[in-house]
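I opened this notebook to record, entry by entry, what I looked up in one structure. I begin with open space and go on to contacts and links.

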Amino acid sequence: MTSRRLLAVLAAVVAVVSGCAPGVPDPAKLDLGAGPPAAGTVKAGALRDYILTFVSYGGLFQEGQEKAAVEPFAAESGAEMLGDGPTDQAKLQAQVRWDNVSWDIVDTDGVFAAANCGTLFQPLDPAIVDTSKIPDDLRVNACSIPAMSYGYVLAYNTKKYGANPPTGWKDFFDTARFPGKRSIVGTPGDAAPGPMEAALLADGVAPENLYPLDMDRALRKMSTIRKDTVFWTTGAQAQQLLESGEVDMSMIWSGRAYGAVRNGAPYAVQWNQFFPVFDAISVPKNARSPKASMAFLNYYLGARQQATLAELTSYSPINVDAAPRLDPLAASYLTTTPERKRQAVHVDLKWWAAHLDEAIRRYNDWLSG
């Protein structure tokens, strides 16, 4: 064994004996600076000895997160930032259950984060994370910050429906007037919210009467278009279905619709009755360095970071002071403008958090049936 390797082994042994694994310095020595936290900042060099793994959904979005926040955070804080993905809820649950958590910061579905606050995710540390710049309508639980805001939207082929475009979810479910293939999410965990609300609106339920969701009625309505439906299981697949022209309409995340249109796909979005949703970034329970992870969350919330993220991805920023510079196409996909808010259907995230497991089971049974 070489001297260098022997020293490395001895260092690891000392770390284990002292209770700190490699990449996890003594938390008592972590100095993030005095005074209240300020979103978008981190003490220079404060995390020089830390290794943190950031997990997200991949693709354009994760690339934007890395350029807007992960890489500059590493440069300013001194932390070594590793990436992983896509987010896998079952894998996260297993890590927490067996107290073997290798993910330090996780971007996941907003409903899933709210439903598992205190069980899979730990509460935010107000001494480290400044949430004062988050819009009031995105403050939904004590364990996460919003990653961005986007929408579940109806995208349609302008070549096929250009002279008679769909005007809402009723048309999405009308295969007589609007023949063609549709695409809907085929993973139950990603169907919260979205498909069932759309089905109920198409079946005549008023937006203000959606909740509590009548899941039986929603799934019956969804069955009426099953033979015309292609199911997607990842955002990348949903986008590819547009770019290949395989489907004529899609119930899709707005960022993926933007990606397809930006790449030249002949589609447009009908924003009427879209569902505003967001990802959430949280720190798992039993994470190795909770305070270091919280320092990243605080940095992520900065106005500069959020503006850059919006410029790179078209997703809407979640800092009220962010002022992204966007071209007309990207600007048209922001979901937080006054015009978009007037077109949105309210999503009851508290209802979803309380009924998530049941809804996933019902949706899975429907997919299997």
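**Entry 1. Terms and provenance.** I searched on a 1 Å grid over the protein atoms alone: a pocket is an open set of points with protein on both sides within 12 Å along at least five of seven lines, whereas a cavity is a set of points where a 1.4 Å probe fits but cannot get out, and lining residues have an atom within 4 Å of a point. Grid points are joined across faces, edges and corners, and a volume is the space filled by probe spheres set on the points. I note that the model is predicted, that local features need pLDDT of at least 70 and side-chain atom pairs count only at pLDDT 80 or more, while totals for chains, interfaces and linings use all residues. Residues are numbered from 1 along each chain as its sequence is written, and side-chain values use heavy atoms, with hydrogens and water left out.

**Entry 2. The largest pocket.** I looked up its volume and found about 670 Å³. Its lining comprises 32 residues, and Tyr-57, Asp-190, Thr-234, Gly-235 and Trp-253 are those nearest the centre. For the elements I used DSSP runs, numbered from the N terminus (helices: H or I, at least four residues; strands: E, at least two). At least two lining residues come from each of helix H2 (59-77), strand S3 (105-109), S4, helix H9 (235-243), helix H10 (254-262) and S8. H10 gives the most, with 4 residues. For classes I counted Ala, Val, Leu, Ile, Met, Phe, Trp, Tyr, Cys and Pro as nonpolar, Asp, Glu, Lys and Arg as charged, and the others, Gly among them, as polar. On that basis the lining of the largest pocket has 13 nonpolar, 13 polar and 6 charged residues.

**Entry 3. The second largest pocket.** I recorded a volume of about 530 Å³ for the second largest pocket. Of its 23 lining residues, Asp-137, Leu-138, Ser-149, Pro-276 and Lys-341 lie nearest the centre. S8 and helix H15 (349-368) each supply at least two lining residues, and the largest share, 4 residues, is from S8. By class I noted 14 nonpolar, 5 polar and 4 charged residues in this lining.

Entry 4. How many cavities of 30 Å³ or more does the structure hold? I found 1, and the largest cavity has a volume of about 30 Å³. Asp-109, Gly-110, Val-111, Ala-192, Pro-193, Val-277, Phe-278 and Leu-349 line the largest cavity. H4 and strand S8 (267-282) are the elements that give two or more residues to this lining. Its classes are 6 nonpolar, 1 polar and 1 charged.

**Entry 5. The nonpolar core.** I took buried to mean under 20% relative accessible area, exposed over 50%, and partly exposed in between (1.4 Å probe, protein chains only). A nonpolar core is then a set of buried Ala, Val, Leu, Ile, Met, Phe, Trp, Tyr and Cys residues joined through side-chain atoms within 4.5 Å. The largest such core has 113 residues, among which Phe-73, Phe-296, Leu-297 and Trp-352 touch the most other members. In soluble globular proteins, nonpolar side chains tend to be buried together.

Entry 6. Is Gln-239 buried or exposed? Gln-239, in helix H9, counts as buried at 13% relative accessibility. Beyond four places in sequence, Gln-239 touches Ile-252, Arg-256, Gly-259, Ala-260 and Asn-263. In helix H12 (residues 303-313) I listed Gln-305, Gln-306, Ala-307, Leu-309, Ala-310 and Thr-313 as the buried residues. These pack against H2, S4, H10 and helix H11 (290-300). Ser-314 follows H12 and has a positive phi, near 80 degrees.

**Entry 7. The disulfide.** I found 1 disulfide (a pair of cysteine sulfur atoms within 2.5 Å). Cys-117 and Cys-143 form it, with sulfur atoms 2.0 Å apart. The torsion about the S-S bond is about 70 degrees, so the disulfide is right-handed. Both cysteines are in the loop between helix H4 (110-115) and strand S4 (144-157), 26 residues apart. Cys-117 is partly exposed at 28% relative accessible area, whereas Cys-143 is buried at 1%.

Definitions and conventions:
Contact = heavy atoms within 4.5 Å.
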